[in-house]
Amino acid sequence: MTWKMIAAPLVGAIIGYLTNWIAVKMLFHPRYEKRIGNWKVPFTPGVIPKGQPRLARAIGNAVKTQLLTREVMEKILLSEEMKARLAESVRQWINERKKSERTVRETALTVMDEDALFDLSMFAQEKGTDYLLSRVQEMDLVHRLTEKIIDIAREKLAESMLGAMFAGGFMDSVEEMLEEKLQDLLKEHGREYLERAIGNEVNSLLDKPAGQGISLLDDNGFNLVVLTTEVYEMVINDHLGQMLESLNLQKVVEDRINSMKVEEVEELVLTIMKKELGAIVNLGAVIGFLLGLVNIFIMTI
């Protein structure tokens with residue numbers, strides 16, 4: 001009776017272990033469908049090879065809705081650590097460019113093509129023009145310029161015999177008319193003149209040595225590290241959703257898994273769950289052993 005009491009838990013452990021081991025193996029094997037004549041062998045292929053498209057959809061959906069959502073990506077990309085790493089990379093890049101003999105244009109063309117550089121130049125020209133026009137309006141520059149011109153004219157006229165003739169309200173009328181004409185001129189041609197002037201400056205900057213161009217920007221208050229970080233944040237905040245939608249990560253993941261060989265899918269799953277699957281097999285042995293003990297207990301009652 002003693003050997004039966006020992007054997008029952010051991011046999012239960014062995015059966016539990018083998019049962020779970022076979023079940024785990026059947027997740028991946030056979031890798032392909034087996035047939036005997038026209039008869040398909042049951043349980044072939046294994047669960048995962050047979051359900052590879054479903055697995056691909058499930059993983060793709062998990063990536064889109066849980067792993068790489070817009071909120072998750074924003075939290076990662078806009079973290080202080082990520083921005084600090086970006087700033088340090090830009091800082092190192094700037095220091096290297098300062099030692100280069102290439103022009104700003106040649107340097108820019110190492111990281112973008114001609115069309116992208118042209119678009120960037122036009123963007124800088126447009127934004128610079130908008131900024132200067134807004135500053136002109138905020139400062140009421142036309143009114144100030146008109147006052148200055150009339151003040152100079154009054155001083156000159158006061159020194160001449162014509163001063164008495166043009167005194168009083170006449171100069172006020174001239175000032176009003178001049179300001180109106182200058183305002184009209186600014187509205188009709190201000191943007192055109194400013195765009196042309198800024199465009200010339202941009203082209204001039206592009207043809208300067210990279211180090212000189214960077215120093216010139218620094219001297220005029222354009223901190224490239226700060227500017228790059230601000231543009232990076234703006235792009236992430238305004239366009240991340242659209243970029244993720246364009247990438248269509250769910251379809252990318254699905255297509256990648258569906259294009260993998262069965263062996264590669266098995267390796268992928270085992271890389272993620274090898275320890276857990278091993279635990280399931282061992283758990284089968286433990287449960288079989290316990291059931292054997294229970295069986296002995298029942299038999300001895």
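Reader: Which residues is A56 in contact with, leaving aside its neighbours within four places in sequence?

Author: Please keep in mind that this is a predicted model. A56 is one of the residues of the largest nonpolar core, and I257 belongs to that core as well. Leaving aside the neighbours within four places in sequence, the contacts of A56 are E254, I257 and N258.

Reader: Which helix supplies the largest share of this core?

Author: The core has 10 residues in all, among them V24, F28, V265 and V269. Both α1 (2–28) and α13 (262–300) supply at least two residues of it. The largest share, 4 residues, comes from α13.

Reader: Is Q250 buried or exposed?

Author: Q250 lies in helix α12, which spans residues 249–259, and beyond its neighbours within four places in sequence it touches R57, G60, N61 and K64. A residue counts as buried when its relative accessible area is under 20%. The relative accessible area of Q250 is 19%, so Q250 is buried.

Reader: How are α4 and α11 oriented to each other, roughly parallel or roughly antiparallel?

Author: Helix α4 (residues 70–77) packs with helix α11 (residues 224–247) at an angle of about 155°, the axes being 10 Å apart. Where they meet, R70, M73, E74 and L77 in α4 face residues of α11 including Y232, I236 and L240, and by class this contact has 6 nonpolar, 2 polar and 2 charged residues. Angles over 145 degrees count as roughly antiparallel. The two helices, α4 and α11, are therefore roughly antiparallel.

Methods
Residues numbered from 1 in each chain as written. Predicted model: local features only at pLDDT ≥ 70, side-chain atom pairs only at ≥ 80, totals over all residues. Heavy atoms only, no water. Axes fitted to C-alpha atoms, helices over the stretch in contact; angles between N-to-C directions. Parallel < 35°, antiparallel > 145°, perpendicular 65-115°, else oblique. Contact = heavy atoms within 4.5 Å. Nonpolar A, V, L, I, M, F, W, Y, C, P; charged D, E, K, R; others polar. Buried < 20%, exposed > 50% of the residue type's maximum accessible area, 1.4 Å probe, protein only. Core = buried A, V, L, I, M, F, W, Y, C linked by side-chain atoms within 4.5 Å.
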